[in-house]
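Here is a quick tour of one protein model, written for someone meeting it for the first time. Have a look at the sequence and the fold, then read on.

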Amino acid sequence: HGVVRKAEWKLISSSADSAAFETASNDETREQYPFDFALRASFTLQDASLAVGYEVKNSGSDEMFFSIGSHPAINVPFAGGYPEHYYFHFNRPENMVRYFFKGGVHLNETAPIFENNRQISVTPTLFDKGPIIFKNPASDSVTIMNSRNTKRIRVRTEGVPFLALWAPPGAPFACIEPWHGVMDNVDCDGEFTTKEGIMSLAAGGTYKTGYWIDILDGGGV
C-alpha cells in the first residue's frame, strides 16, 4: 500500500517455473517518497511451493528509510467444507495480543485473540474489526488448516517483526501477511525516520527478504 502499489513493473527474467519483475523510483514516486530505489520481486515454483523474494536497492546517494511487506491471499475454503471448518495454526506457542487498525493508522488498543497459544478459528465475525495485527511473533510459519481433512496451506517466513491476518467480511479468502514495517501509529510524530518498524539502507545498499507458500497434504504441521 505504498508507492509501488500501483507502479508499473518490468519483466526482467522468466522461465517455465519462475518470473522476476522490477520497478524503480521516478518523478511521480519522489513526490510522495523522497528516495531513489529499485525493487525486484521474484516468484519461483518449487515442487508444491511458491517462493517469493524481494530485493530492495538504495540507488541514491543518501541513507534510505523504507518498509516492505506483502499480503498473499488464500482461497478459503480450499479443501471442501465451509470457512468455519478452517483455522490458522502458528508453528510456535504465542503470547501475543492483536492490535487494531482504523482510519489508516494502527491504534494503541489490544485484545486477546488466540483460543489457545497456537490457533485462531476462521469465524464469520473474525475480521469485523479489521485486520488482526501482531508484533514480534515467535512463529516463522502460519498454516491454514481444516477440521475435515489433512489438506493445508502454509506461509513460511524468515521471521518478521509484524504479521497480519485479514479478509474483508464475507470474502472467499484469507490473507497471511508478513510485514517488515507497519502503518503509522495513531500517536505518531509524523517524522519518517522515527516511524515504528522503519528500516534504513545505506547508499548503494541492498536488502533481501521473502517468504514461501507451501501446499501440503498429510504428515505433520
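## Starting with a salt bridge

Let's begin at Arg-156, which is partly exposed with a relative accessible area of 29%. (Buried means under 20% relative accessible area, exposed means over 50%, and partly exposed is in between, using a 1.4 Å probe and protein chains only.) Its side chain meets that of Asp-214 in a salt bridge, 2.5 Å from N to O. (A salt bridge is a side-chain nitrogen of Lys or Arg within 4 Å of a carboxyl oxygen of Asp or Glu.) This pair links distant parts of the chain, with Arg-156 in strand E14 and Asp-214 in strand E18, 58 residues apart. Asp-214 counts as buried, at 2% relative accessibility.

Before going further, a word on where this comes from. The model is predicted, so to speak of local features a pLDDT of at least 70 is needed, side-chain atom pairs count only at pLDDT 80 or more, and totals for chains, interfaces and linings use all residues. Residues are numbered from 1 along each chain as its sequence is written, and side-chain values use heavy atoms, with hydrogens and water left out.

Another one has Asp-217 and Lys-151 as partners, the closest N and O atoms being 3.2 Å apart. Here too the pair links distant parts of the chain: Asp-217 sits in strand E18 (residues 206-217) and Lys-151 in strand E14 (residues 151-157), 66 residues apart. Asp-217 is partly exposed at 49% relative accessibility, and Lys-151 is partly exposed at 38%.

Then there is Glu-22 with Arg-40, whose side chains meet in a salt bridge of 2.7 Å, N to O. Glu-22 lies in strand E2 (residues 18-24) and Arg-40 in strand E3 (residues 37-46), so the pair ties together parts that are 18 residues apart in sequence. Glu-22 is partly exposed at 25% relative accessibility, and Arg-40 is partly exposed at 40%.

## The nine-stranded sheet

Strands here are DSSP runs (E, at least two residues; helices are H or I, at least four), numbered from the N terminus. Two strands pair if DSSP finds at least two bridges between them. Nine strands form an open sheet in the order E1-E2-E3-E4-E18-E14-E13-E8-E11, with antiparallel pairing. At the edges are strand E1 (10-15) and strand E11 (119-121), each pairing on one side only. Neighbouring strands of this sheet are turned by 15 degrees against each other on average, direction ignored. (Axes are lines fitted to C-alpha atoms, for helices over the stretch in contact, and angles run from 0 to 180 degrees between N-to-C directions.)

Zooming in, E3 and E4 pair in the antiparallel sense over 10 bridges, and Ala-38 stands opposite Lys-57 in E4. Is Ser-61 buried or exposed? It is exposed, with a relative accessible area of 66%. Ser-61 and Gly-204 are 143 residues apart in sequence and 7.3 Å apart in space, C-alpha to C-alpha.

## Strand E16 and its partners

Strand E16 (residues 173-180) is mostly covered, with seven of its eight residues buried. Strand E15 (residues 162-166) pairs with E16 in the antiparallel sense over five bridges, and Phe-162 has Trp-179 as its bridge partner there. The hairpin of E15 and E16 has six residues between the strands, and Gly-170 in this hairpin takes a positive phi near 85 degrees.

E16 also runs antiparallel to strand E7 (residues 73-75), joined by three bridges. Ala-73 has Cys-175 in E16 as its bridge partner, and Cys-175 is buried at 2% relative accessibility. Strand E6 (residues 68-69) is joined to E16 by two bridges, again antiparallel, with Gly-69 opposite Trp-179.

## The nonpolar core

In soluble globular proteins, nonpolar side chains tend to be buried together. A nonpolar core is a set of buried Ala, Val, Leu, Ile, Met, Phe, Trp, Tyr and Cys residues joined through side-chain atoms within 4.5 Å. The largest one has 42 residues, and Phe-88, Phe-90, Ile-120, Phe-134, Leu-165 and Ile-176 touch the most other members. A second, separate core of seven residues includes Ile-133, Phe-162, Trp-179 and Val-182.
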